[in-house]
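Come along and look things up with me.

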Amino acid sequence: MACSTAIHRSVLGFQRQIGGKRLSYCSLPAITNLGGGIPRRIRGCHASAHLQPSVVADDPKYGNKQVIAITPRLYDYILTNVREPEILRQLREETANMRGSQMQVSPEQAQLLAMLVQILGAERCIEVGVYTGYSSLAIALVLPESGYLVACERDSKSLEVAKRYYKQAGVSHKVDVKHGLAADALKSLILNGESGSYDFAFVDADKRMNQEYFELLLQLVRTGGVIVIDNVLWHGKVADPLVNDARTVSIRNFNKNIMEDERVSISMVPVGDGITICRKR
């Protein structure tokens, strides 16, 4: 591929359908500052078409640190290195044919969530936004037999799929399904005296509700516990000043708020559509 072609494609971005999930790569502005966004220099225009491109921050204070850009070929390689249990594969493939399948977390993201639960030694978890249950099932599978997961979901159709797979995987006894508005379920847990009794929480629901979910979960999670928020990069829209729809603005505002929130330690990680891992201080 010619260098100019590579740059052009990096600006436009590739989009690919993998398991019902639309993926983009190299979608950051290249060479020029498109639409006033933060400029990035694209590396990787070499003779070999097999070399992966990388992005470098314009600010020289970052020392020209190269960060690899995820191409479809590289993402396929990542997927081959995910240890996905057979039951999760079956659920993923069934969900891929359903409406809204892009809402399902990616396999490598679910693997990371499960590992965080294991590292914490978590026994009590909360998930806000279950959809068909891929991430909640990944969490339930690594919880101890005495583990407990509150799974909040308002869509009954997708929840039926999740419950079927909980049963098939033999983890139904670990999962307490809350059908309805997640905020109401979380408030009910607080009123029930469960504040500070949870180890881990994952939020993948209405993006405009992120701040409210976070405040409620901050009451429910113990000191040293972890809250993970999904879709914090929102397909790259959060970095584009020309995109100002309600969801994008709410995510952008949430990211700003969490950056300034001294109640938690944070790490924004570019896995899936971006997650922020928050540890309660």
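Predicted model: local features only at pLDDT ≥ 70, side-chain atom pairs only at ≥ 80, totals over all residues.

**Entry 1: first count**

How many helices and strands does the chain have? I counted 9 helices and 12 strands.

Residues are numbered from 1 along each chain as its sequence is written, and side-chain values use heavy atoms, with hydrogens and water left out.

I looked up burial next, where buried means under 20% relative accessible area, exposed over 50%, and partly exposed in between (1.4 Å probe, protein chains only). Of the 281 residues in the chain, 43% are buried. I also looked at contacts, meaning heavy atoms within 4.5 Å. Among those between residues at least 6 apart in sequence, 63% join residues at least 24 apart.

In what order do the strands of the open sheet stand? I read 8-7-6-9-10-12-11 for its 7 strands, with mixed pairing. Strand 8 (175-179) and strand 11 (264-269) are at the edges with a single partner strand each, so one side of each has no neighbour in the sheet. From one strand to the next the twist averages 15°. Two strands count as paired if DSSP finds at least two bridges between them. A reminder from class: strands of a sheet pair through backbone hydrogen bonds, either parallel or antiparallel.

Strand 7, helix 6 (residues 156-169) and strand 8 make a right-handed β-α-β unit. Right-handed here means that, with the strands pointing away from the viewer, the path from the first strand over the helix to the second runs clockwise.

**Entry 2: strand 12 and its partners**

How many bridges pair strand 11 with strand 12? I found 6, in the antiparallel sense, with strand 12 covering residues 275-280. Val264 has Lys280 as its bridge partner, and Val269 stands opposite Ile275. These two strands form a hairpin with 5 residues between them, and Gly272 in the turn has a positive phi of about 60°.

Why is strand 12 largely enclosed by the rest of the structure? I noted that 5 of its 6 residues are buried, so the rest of the structure largely encloses it. Helix 9 (residues 246-259) lies across strand 10, strand 11 and strand 12, at about 135° to strand 11. Such angles run from 0 to 180 degrees between N-to-C directions, with axes fitted as lines to C-alpha atoms, for helices over the stretch in contact.

I looked for nonpolar cores, which are sets of buried Ala, Val, Leu, Ile, Met, Phe, Trp, Tyr and Cys residues joined through side-chain atoms within 4.5 Å. The largest has 33 residues, and Cys125, Leu137, Tyr166, Phe200 and Val228 have the most contacts inside it. Apart from it lies another core of 28 residues, including Ile126 and Cys152. I followed Val228 and found Leu113, Phe200 and Ile277 among the residues it touches.

How many disulfides are there (cysteine sulfur atoms within 2.5 Å)? I found 0 in the whole structure. Cys152 is buried at 2% relative accessible area, and Cys278 is buried at 1%.

**Entry 3: a loop to finish**

I ended in the loop between strand 10 and helix 9, where Trp234 sits. Trp234 has a positive phi of about 45° although it is not a glycine. His235 lies in this loop too, and its phi is also positive, near 60°. Is His235 buried or exposed? I have His235 as exposed, at 51% relative accessibility, whereas Trp234 is buried at 14%.

Lys237 is found in the loop as well and is partly exposed at 33%. Beyond its neighbours within four places in sequence, Lys237 is in contact with Val243, Thr248 and Arg252.

How values were computed. Helix = DSSP H or I, 4+ residues; strand = E, 2+ residues; numbered from the N terminus. Disulfide = S-S within 2.5 Å.
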